[in-house]
Amino acid sequence: MNIPTNPKKAPLEMKSIKLYSTGLKKVFTNHFYKSMNHNFGIEITIRNNTNRMQEMKIGGCVYDSNKNRAVKWISNKKINPNSNACYDYYVKEQTFNTMKPGKYTVIFWINDKKVKEASFTITYK
């Protein structure tokens, strides 16, 4: 039996998801405090594993622990061949104010296919 040592990678691959609080500088965290944070951002890195420019539809949703959607976004992006690209998505203050303390999950899609998820917590402090 011949097992390949390098399995074929997807043409577009999500390399990382980092959540951060905003302010004078980005502070990467997965825990947000209502008294200290007014909004937050999500930084993602996507890798194009092909030799050509890729166009993609990328989207994400934030769900609370009861599976209620708090935020949704979709955008179209281009990424150069054989490269990484970083994108930021912001949860605005108005939306953040409506989010209750608890655990949340962020789910991402590339071209309508679920690729990764991350979780975070909001508490009062």
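1. Contacts along the chain. Residues 24 or more positions apart account for 63% of the contacts in the protein chain with a separation of 6 or more, a contact being heavy atoms within 4.5 Å. Residues are numbered from 1 along each chain as its sequence is written. This is a predicted model, in which local features need pLDDT of at least 70, side-chain atom pairs count only at pLDDT 80 or more, and totals for chains, interfaces and linings use all residues, while side-chain values use heavy atoms, with hydrogens and water left out.

2. Secondary structure. The protein chain has nine strands and one helix. Their sequence order is β-β-β-β-β-β-β-α-β-β. Helices (H or I, at least four residues) and strands (E, at least two) are DSSP runs, numbered from the N terminus.

3. Along the principal axes, the C-alpha atoms of the protein chain fill a box of roughly 55 × 35 × 25 Å. Of its 125 residues, 37% count as buried; buried means under 20% relative accessible area, exposed over 50%, and partly exposed in between (1.4 Å probe, protein chains only).

4. An open sheet of five strands runs in the order 3-9-8-5-6, with mixed pairing; two strands pair if DSSP finds at least two bridges between them. Strand 3 (31–33) and strand 6 (69–79) are the edges and have a single partner strand each, so one side of each is left without a neighbour in the sheet. From one strand to the next, the twist averages 25°, with axes taken as lines fitted to C-alpha atoms (for helices over the stretch in contact) and angles running from 0 to 180 degrees between N-to-C directions.

5. Strands 8 and 9. Strand 8 (residues 102–110) and strand 9 (residues 113–123) are antiparallel and share nine bridges. Val106 is placed opposite Ala118 of strand 9. Thr121 is also part of strand 9. Thr121 has a relative accessible area of 16% and is therefore buried. Leaving aside residues up to four places away in sequence, Thr121 touches Asn30, His31, Phe32, Gly102 and Lys103.

6. Strand 1 and its partners. Seven of the ten residues of strand 1 (residues 12–21) are buried, leaving the strand mostly covered. Strand 1 runs antiparallel to strand 4 (residues 40–48), and nine bridges join them. Leu19 has Ile42 of strand 4 as its bridge partner. With strand 2 (residues 27–28), strand 1 pairs in the antiparallel sense over two bridges. Strand 1 and strand 2 make a hairpin, with five residues between them. Within this pairing, Ser21 is bridged to Val27, and Tyr20 stands opposite Phe28.
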